[in-house]
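Hi there,

Here is the structure I said I would pass on. Have a look at it, and then read on for what turned up.

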Amino acid sequence: MNSNPSNMPRLALLLIAASLVSGVAHAERADREKPMNIESDRMSLDDQRKESVFDGNVVLTQGTMILKADRITIKQDAQGFSAGVALGKPAYFRQKREGFEEYIEGYGERLEYDGKSEKLQIFTNARIKRADDEVRGDYISYNAGTEFYEVMGTKGSTTASATGPTQRVKAVIQPKKKAADTPTSAPNK
């Protein structure tokens, strides 16, 4: 346990990098090697509990990744795995996909990432957008290891209210673009 104030911001940055950046779906791998910049109104670090909290207009950038939230909390377990929670109205992330010239964007009132299970969860008014494709629900889960998505409306979600209105899953999936039509032989005249 190092309580040296000059090492505190570095520890906080390492915790954030490990938890939020490394696990986003098909994220740009080069981003992990880029410097991280964080701006917030306040920051607190509990080195003993391995917990960092950034409060107020939090903006985290690293390479092509940007995360905006009202509050971000990062915890690290004894094995070095990190978990992060971003809260906002909405919390938002955007990152370039590896090997593609497109971005993935996600919105929700709560974003949670668990580095050990490589699972990203988005709660309450959850939305993921990639190019012109979009999916919405009350809950979205993505497992980076298995590349498995799950989307639920309020009836089936972990945040459903027995008395509140139901929200169905909504998806917009654009047709795949066909390869350019190239004639295989010259037309007969």
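**What I found**

Let's start with a charge and a ring: Arg-127 lies over the face of Tyr-107, at 4.0 Å from the ring centre. Keep in mind that this is a predicted model. Arg-127 has a salt bridge too, where its side chain meets that of Glu-134 at 3.2 Å, N to O. Glu-134 is buried, with a relative accessible area of 17%.

There is another charge over a ring to look up. The charged end of Arg-94 sits over Tyr-103, 3.7 Å from the centre of the ring.

**The overall layout**

The chain has one helix and ten strands. Reading from the N terminus, the order is α-β-β-β-β-β-β-β-β-β-β. Of its 189 residues, 37% count as buried. If you take the contacts between residues at least 6 apart in sequence, 43% of them join residues at least 24 apart.

How far does the predictor trust this? The average pLDDT of the chain is 76, and 71% of the residues score at least 70. Which element has the lowest mean pLDDT, and which the highest? Helix α1 (residues 8-21) has the lowest, at 39, and strand β2 (residues 42-46) has the highest, at 94. Over residues 1-25 the pLDDT stays under 50, and the model has 57 contacts beyond four places in sequence for that stretch. I'd read that part with care.

**Aromatic pairs**

The structure holds three aromatic pairs. One of them is Tyr-92 with Tyr-107: the ring centres are 4.9 Å apart and the planes are at 45°, so this pair is tilted. Tyr-92 sits in strand β5 (residues 82-96) and Tyr-107 in strand β6 (residues 103-114), so the pair links distant parts of the chain, 15 residues apart. Are these two tyrosines buried or exposed? Tyr-92 is buried, with a relative accessible area of 15%, and Tyr-107 is buried as well, at 17%. Tyr-107 is also the ring that Arg-127 lies over.

Phe-123 and Tyr-139 make another of the pairs, with ring centres 5.1 Å apart and planes at 55°, so that pair is tilted too. Phe-123 lies in strand β7 (residues 119-130) and Tyr-139 in strand β8 (residues 133-143), so the pair ties together parts that are 16 residues apart in sequence. Phe-123 counts as buried at 5% relative accessibility, and Tyr-139 is buried with a relative accessible area of 4%.

**Salt bridges**

How many salt bridges are there? The count comes to ten. Side chains of opposite charge can pair when their charged atoms come close.

One of the bridges runs between Lys-75 and Glu-51, whose closest N and O atoms are 3.3 Å apart. Lys-75 is in strand β4 (residues 65-76) and Glu-51 in strand β3 (residues 51-62), and the pair links distant parts of the chain, 24 residues apart.

Lys-89 and Glu-109 form another, with their side chains meeting at 3.2 Å, N to O. Since Lys-89 lies in strand β5 and Glu-109 in strand β6, this pair ties together parts that are 20 residues apart in sequence. Lys-89 is exposed, with a relative accessible area of 68%, while Glu-109 counts as partly exposed at 25%.

Some bridges share partners, and in this way Arg-49, Glu-51 and Lys-75 are joined into one network.

**The nonpolar core**

The largest nonpolar core has 21 residues. Which of them touch the most other members? They are Leu-67, Ile-72, Ala-86, Phe-93, Leu-111, Ile-122 and Ile-128. The elements that give two or more residues to this core are β3, β4, β5, β6, β7 and β8. Its largest share, five residues, comes from β4.

Cheers

Definitions and conventions
Residues are numbered from 1 along each chain as its sequence is written. This is a predicted model: local features need pLDDT of at least 70, side-chain atom pairs count only at pLDDT 80 or more; totals for chains, interfaces and linings use all residues. Side-chain values use heavy atoms; hydrogens and water are left out. Rings of Phe, Tyr and Trp (its six-membered ring) pair if their centres lie within 6.5 Å; planes under 30 degrees apart count as stacked, over 60 as edge-to-face and the rest as tilted. Helices (H or I, at least four residues) and strands (E, at least two) are DSSP runs, numbered from the N terminus. Buried means under 20% relative accessible area, exposed over 50%, partly exposed in between (1.4 Å probe, protein chains only). A charge sits over a ring if NZ of Lys or CZ of Arg is within 6 Å of the ring centre and within 35 degrees of the ring normal. A salt bridge is a side-chain nitrogen of Lys or Arg within 4 Å of a carboxyl oxygen of Asp or Glu. A nonpolar core is a set of buried Ala, Val, Leu, Ile, Met, Phe, Trp, Tyr and Cys residues joined through side-chain atoms within 4.5 Å. pLDDT is the predictor's confidence in each residue, from 0 to 100. Contact means heavy atoms within 4.5 Å.
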